[in-house]
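Please keep the sequence and the 3D view open while reading.

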Amino acid sequence: MDDILALLERAAPNATAIRDVHGNGTTYAQMCRLAQDCGDSLVRVGVGATDRVAIVMPNGPLMAMSFVCCAPWCAVAPLNPAYTADEFEFYLGDLAAKVMLVEANVATPAVAVARRMGVEIVEINPKETHEFFKFGIGTKLRQPRELDAVALILHTSGTTSRPKMVPLSQRNLLASARNIATTLQLTAADRCLNVMPLFHIHGLMAAIMATIHAGSHVCCSPGFDALRFFSWLDATEPTWYSAVPTMHQAILARSPRNESSLKNSRLRFIRSSSASLPVQVLTGLEEAFDTPMIEAYAMTEAAHQMCSNPLPPRARKPGYVGLAAGPEVRIARLDQMEFVEPDVEGEIVIRGENVTQGYVNNPEANAKDFQDGWFRTGDLGIMDADGYVKVTGRLKEIINRGGEKIAPLEVDEVLLDHPTVAQVCTFAVPHSKLGEDVAAIVVAVDGETAHKEEIQRYARQRLAPFKVPREIVFANEIPKGPTGKVQRIGMAERLGLTD
């Protein structure tokens with residue numbers, strides 16, 4: 001298996017690797033030199049093969065290049081630039097980061113925190129054309145590390161407990177990049193428009209690493225913006241993009257106002273991952289863009305992709321996250337590592353070259369989640385006779401209403417069919433006698449007025465009575481986490497429904 005530097009070296013030297021939405025780009029030959037400069041510079045500031053380097057930068061080409069150029073030499077930890085000072089203190093401390101890279105002249109509370117904690121700060125200036133990773137002086141002093149050396153560390157998204165640190169090796173990243181590129185049949189002629197945050201596994205792997213594996217190029221936006229998306233689409237002419245369902249919903253909502261962009265689009269497919277994609281959104285986008293929507297299933301511990309629906313002419317199954325697309329994927333009984341028959345619900349488990357070997361300094365979680373060589377994802381699902389997987393819920397998100405178990409996804413799917421409902425998130429609210437009850441937050445279709453009683457009446461026609469939301473909250477948008485994902489756990493508290 002090639003290492004990350006070898007991926008850069010095998011691409012056409014003069015081909016664009018990474019560019020911004022305005023056309024300013026960096027070639028693969030330049031990326032190779034930048035990566036070597038970065039390795040040399042890291043030695044000069046005392047970074048060894050096992051040290052951790054935090055990156056705090058806004059979305060864009062410099063963030064993408066910093067990740068690619070550092071990962072061959074050390075453990076890279078991209079952090080959300082929107083964190084507060086307290087959050088930076090936690091994450092930098094938890095990581096025991098030795099160095100932090102920031103973009104010059106971009107204000108961030110991370111700098112003051114890093115100074116206080118004794119973390120060395122390196123400012124990268126993108127205006128120093130293709131010299132910006134020479135922050136040390138010297139000759140080439142090192143070779144890339146072994147494939148099993150940690151290249152990326154990410155924290156799992158925290159809910160009520162301390163987030164876990166997921167170490168991913170070069171081998172994990174390269175296997176996942178290969179799996180994604182193979183699934184999507186990427187070639188050097190492809191062009192990805194990245195709208196995902198680059199402190200998240202989805203953007204780092206699907207947009208950046210899969211692109212580099214294919215020798216194609218990626219246009220890095222400054223971050224998702226529904227109002228600017230179609231202008232970026234026109235300017236960059238991508239052949240694909242990947243996003244989370246909430247982003248797809250926003251794009252679909254604006255598509256009727258951008259008929260020219262839809263007509264002139266060069267997209268050969270659209271990809272969705274990181275959360276369950278409502279069938280209504282999938283079919284709506286396929287019709288709007290006249291191109292297939294490829295829903296995938298992924299998580300940080302798998303260096304992103306686990307399953308994916310295939311490209312035509314193979315079958316895509318709406319509501320399913322597809323076939324195993326890299327690692328082995330099975331359905332196990334909830335209480336033991338025993339596999340179930342097709343169409344029987346259980347916990348989704350995986351193993352493979354792209355899967356982490358365990359969390360950092362967390363023996364309790366490792367004993368629970370890694371069993372007999374398999375990683376227990378915490379997701380409920382079924383696998384049909386054709387091998388297609390359907391995610392039916394998240395174990396931690398299941399609503400326990402007086403002993404009755406309710407999957408929020410099932411309620412979401414029903415409510416989304418109501419003509420006045422554009423977006424929905426079903427979640428648990430505390431109940432004095434039942435323990436938990438069902439609630440939902442709803443965003444109405446533009447120009448429509450949604451009514452609680454009408455939606456509940458509609459739900460009673462299609463759901464058992466105990467699954468019908470007792471509370472329905474209407475809002476202009478559904479609260480989301482920093483990566484654009486809806487976070488059901490804690491939703492009741494955020495909406496003031498816990499009293």
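A residue is called buried when its relative accessible area is under 20%, and exposed when that value is over 50%. The model discussed here is predicted. By the buried cut-off, Tyr-83 and Tyr-91 are both buried.

**Aromatic rings and charges**

- Across the whole structure, a search finds eleven aromatic pairs.
- One of them is formed by Tyr-83 and Tyr-91, which are stacked, with 4.7 Å from centre to centre and 10° between the planes.
- Tyr-83 and Tyr-91 also belong to a cluster, linked by ring pairs, that includes Phe-88 and Phe-90.
- Tyr-359 and Phe-370 have ring centres 5.6 Å apart and planes at 75°, so this pair is edge-to-face.
- Tyr-359 is in the loop between β17 (346-351) and α12 (363-369), while Phe-370 is in strand β18 (residues 370-371), so the pair ties together parts eleven residues apart in sequence.
- Tyr-359 counts as buried because its relative accessibility is 6%.
- Two rings have a charge over them: the charged end of Arg-330 sits over Phe-339, 4.0 Å from the ring centre, and Lys-390 lies over the face of Tyr-320, 5.6 Å from the ring centre.

**The sheet**

- An open sheet is built from nine strands in the order β2-β1-β10-β9-β11-β12-β13-β14-β15, with mixed pairing.
- β2 (25-27) and β15 (323-324) are the edge strands; each has a single partner, so one side of each has no neighbour in the sheet.
- Strand β9 (residues 191-194) runs parallel to β11 and is joined to β11 by three bridges; here Asn-194 stands opposite Ser-242.

- Helix α9 is mostly covered, as seven of its ten residues are buried.
- The buried residues of α9 are Pro-245, Thr-246, Met-247, His-248, Gln-249, Ala-250 and Ile-251.
- The cover over these buried residues includes the helices α8 (226-236) and α11 (279-289).
- Strands also contribute to that cover, among them β11 (240-243), β12 (270-272), β13 (293-299) and β23 (421-431).
- Ser-255 lies in the loop between α9 (245-254) and α10 (259-264).
- Is Ser-255 buried or exposed? Ser-255 counts as buried because its relative accessibility is 5%.
- The side chain of Ser-255 reaches the backbone oxygen of Leu-252 at 2.7 Å.
- Beyond its neighbours within four places in sequence, Ser-255 is in contact with Phe-230, Leu-262 and Ala-288.

**Nonpolar cores**

- The largest nonpolar core has 87 residues, and Leu-8, Phe-67 and Ile-208 have the most contacts inside it.
- Helix α7 (residues 201-214) supplies the largest share of this core, nine residues.
- Which residues does Ile-208 touch, not counting those up to four places away in sequence? Ile-208 touches Ala-64, Val-68, Leu-198, Gly-203, Val-218 and Cys-220.
- Another core, apart from the largest one, has 23 residues, including Met-196, Leu-233, Ala-243 and Val-244.

**Thr-156**

- Thr-156 lies in the loop between β7 (150-155) and β8 (165-169).
- Thr-156 counts as buried because its relative accessibility is 15%, which is under the 20% cut-off.
- Apart from neighbours within four places in sequence, Thr-156 is in contact with Pro-163, Lys-164, Val-166, Glu-301 and Tyr-359.
- The C-alpha atoms of Thr-156 and Val-99 are separated by 21 Å, and the two residues are 57 residues apart along the chain.

Technical notes: Residues numbered from 1 in each chain as written. Predicted model: local features only at pLDDT ≥ 70, side-chain atom pairs only at ≥ 80, totals over all residues. Heavy atoms only, no water. Core = buried A, V, L, I, M, F, W, Y, C linked by side-chain atoms within 4.5 Å. Buried < 20%, exposed > 50% of the residue type's maximum accessible area, 1.4 Å probe, protein only. Helix = DSSP H or I, 4+ residues; strand = E, 2+ residues; numbered from the N terminus. Contact = heavy atoms within 4.5 Å. Polar contact = N/O pair within 3.5 Å; in protein donor to acceptor, adjacent residues only side chain to side chain. Phe/Tyr/Trp six-rings, centres within 6.5 Å; stacked < 30°, edge-to-face > 60°. Lys NZ or Arg CZ within 6 Å of the ring centre and 35° of its normal. Pairing = 2+ DSSP bridges.
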